[in-house]
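Hi there,

Could you have a look when you get a chance?

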Amino acid sequence: MNHHTKIYVYSLAGLLFLSSLIAMLYFGYKTFYIEKVESSQPAYSYHFALVAEETENNYWRLVEKGAKQAAAEKGIYLEYIAPNKADNDQLLKLFDRMIAAKVDGIIVQGIEGERFVDLVHKGVERNIPVITIDTDVPSERKAYVGTNNFYAGQLAGRHIIENTDGEQHVGVIVGRFEAINQQERLAGFKDAIKAHPRIQITEIKESNITEIGATQATYAMMKQHPEINVLLGLSALDGLGMVEGLQQIFPTKDVLITSFDILPETMELIREGEIDATIAQYPEQMGSMAVDVLIDLQNRDLVDNKIYTKTEIIEKADLQVEPEVAR
């Protein structure tokens, strides 16, 4: 190897070493930079899960909103999951998945049946506090947060008693027959009217917690029982559907309509006189309170494990002062 060749080889080796050194410095800096960005991510104190009835249901989105706001204020990561459409089997699978994920606490709608009770037991065995929201179920759950649904049904009955005279034929629409909260509301309504034989339930139909379902149920009821002069809806979208169904078949008929929840569309129909009253509950408050309860349950059990949120009758006269946002 001659002198010039040696110089070339040494120069090439030097360039390769220098390139390697520059690459090490560059990528080392990038690695350091990336690690720095990752370390700046917020450190959450707890990871909670909210297992809801249906993903895009307006009511459950309000529950989520309240829960996430409370969680953000307290440095907690809240995961919202639900079936695309109301489906108890899918909800139970999601509930089981969150237990397997070993989250720090679970907020879940209560579902009647042994599978739900067993899953609550499974969660508690793994030191995961479980609380029910919106609907309670006797189980090892640590607490219930939500409406007193029996009382809410009584409020609906009271409104109809106080705002009618003579015989009243009531058509009732429930979101889902299998939903415990709907059953409790119906039981409360029946309890309220039992001392008033002039008020009788003519028929009960299901809306599948959709507006179009409530519309179809109302149309079918009114067609079969034109004597119906009171309509009662027990889930959030029933009021909207009852108004539409009535307009389709008897647009001029005078029917007292009592709905549930205070979606903006429902409130507008009350202002317009299409709905006479609604039973208001406050899902954002439910979500917020549920997060607070789960935080408390990280260290201790609760003495008072039934936390009822506000429930009231809203009529047109009450809308001079806008109520809190709710379903």
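**Glu53 and its surroundings**

Setting aside neighbours within four places in sequence, Glu53 is in contact with Trp60, Ala82, Pro83, Lys85, Ala86, Asp87, Leu91, Gln109, Arg176 and Ile209, where contact means heavy atoms within 4.5 Å. This is a predicted model, in which local features need pLDDT of at least 70 and side-chain atom pairs count only at pLDDT 80 or more, while totals for chains, interfaces and linings use all residues. Residues are numbered from 1 along each chain as its sequence is written, and side-chain values use heavy atoms, with hydrogens and water left out.

Glu53 sits in the loop between strand 1 (46–51) and helix 2; helices (H or I, at least four residues) and strands (E, at least two) are DSSP runs, numbered from the N terminus. With a relative accessible area of 8%, Glu53 is buried. For that term, buried means under 20% relative accessible area, exposed over 50%, and partly exposed in between (1.4 Å probe, protein chains only). Glu53 and Asp134 are 81 residues apart along the chain, and their C-alpha atoms are separated by 9.8 Å.

Arg176 turns up again in the surroundings of Asn88: not counting residues up to four places away in sequence, Asn88 touches Ile111, Arg176 and Glu178. Asn88 belongs to helix 3 (residues 88–100) and counts as buried at 17% relative accessibility.

**The chain as a whole**

The protein chain has 10 helices and 12 strands. Of its 327 residues, 47% count as buried. Taking contacts between residues at least 6 apart in sequence, 74% join residues at least 24 apart.

**The sheet and the helices across it**

An open sheet of 6 strands runs in the order 7-6-8-9-10-12, with mixed pairing. Two strands pair if DSSP finds at least two bridges between them. Strand 7 (199–206) and strand 12 (311–315) stand at the edges with a single partner strand each, so one side of each has no neighbour in the sheet. From one strand to the next, the twist averages 20°.

Val174 has Glu206 of strand 7 as its bridge partner.

Which strands does helix 7 lie across? Helix 7 (residues 211–224) lies across strand 6, strand 7 and strand 8 (230–233), and runs at about 135° to strand 7. Helix 8 (residues 238–249) lies across strand 6, strand 8 and strand 9 (256–260), and runs at about 150° to strand 9. For these angles, axes are lines fitted to C-alpha atoms, for helices over the stretch in contact, and values run from 0 to 180 degrees between N-to-C directions.

Ile160, in helix 5 (residues 149–162), is buried with a relative accessible area of 0%. Leaving out neighbours within four places in sequence, Ile160 is in contact with Phe189, Arg198, Ile199, Val230, Leu256 and Thr258. Ile160 and Ala277 are 117 residues apart in sequence and 9.4 Å apart in space, C-alpha to C-alpha.

**Two loop residues with positive phi**

Asn208 has a positive phi of about 55° although it is not a glycine. Asn208 lies in the loop between strand 7 and helix 7, and is partly exposed, with a relative accessible area of 46%.

Asp261 is not a glycine either, and has a positive phi of about 80°. Asp261 is in the loop between strand 9 and helix 9 (264–271). Is Asp261 buried or exposed? Its relative accessible area is 0%, so Asp261 is buried.

**Helix 2 against helix 10**

Helix 2 (residues 58–73) and helix 10 (residues 283–297) pack at an angle of about 40°, with their axes 7 Å apart. The two helices are therefore oblique to each other (angles under 35 degrees count as roughly parallel, over 145 as roughly antiparallel, 65 to 115 as roughly perpendicular and the rest as oblique). The contact is made by Tyr59, Leu62, Val63, Lys65, Gly66, Ala67, Ala70 and Ala71 of helix 2 and Pro283, Glu284, Met286, Gly287, Ser288 and Val291 of helix 10.

Best wishes
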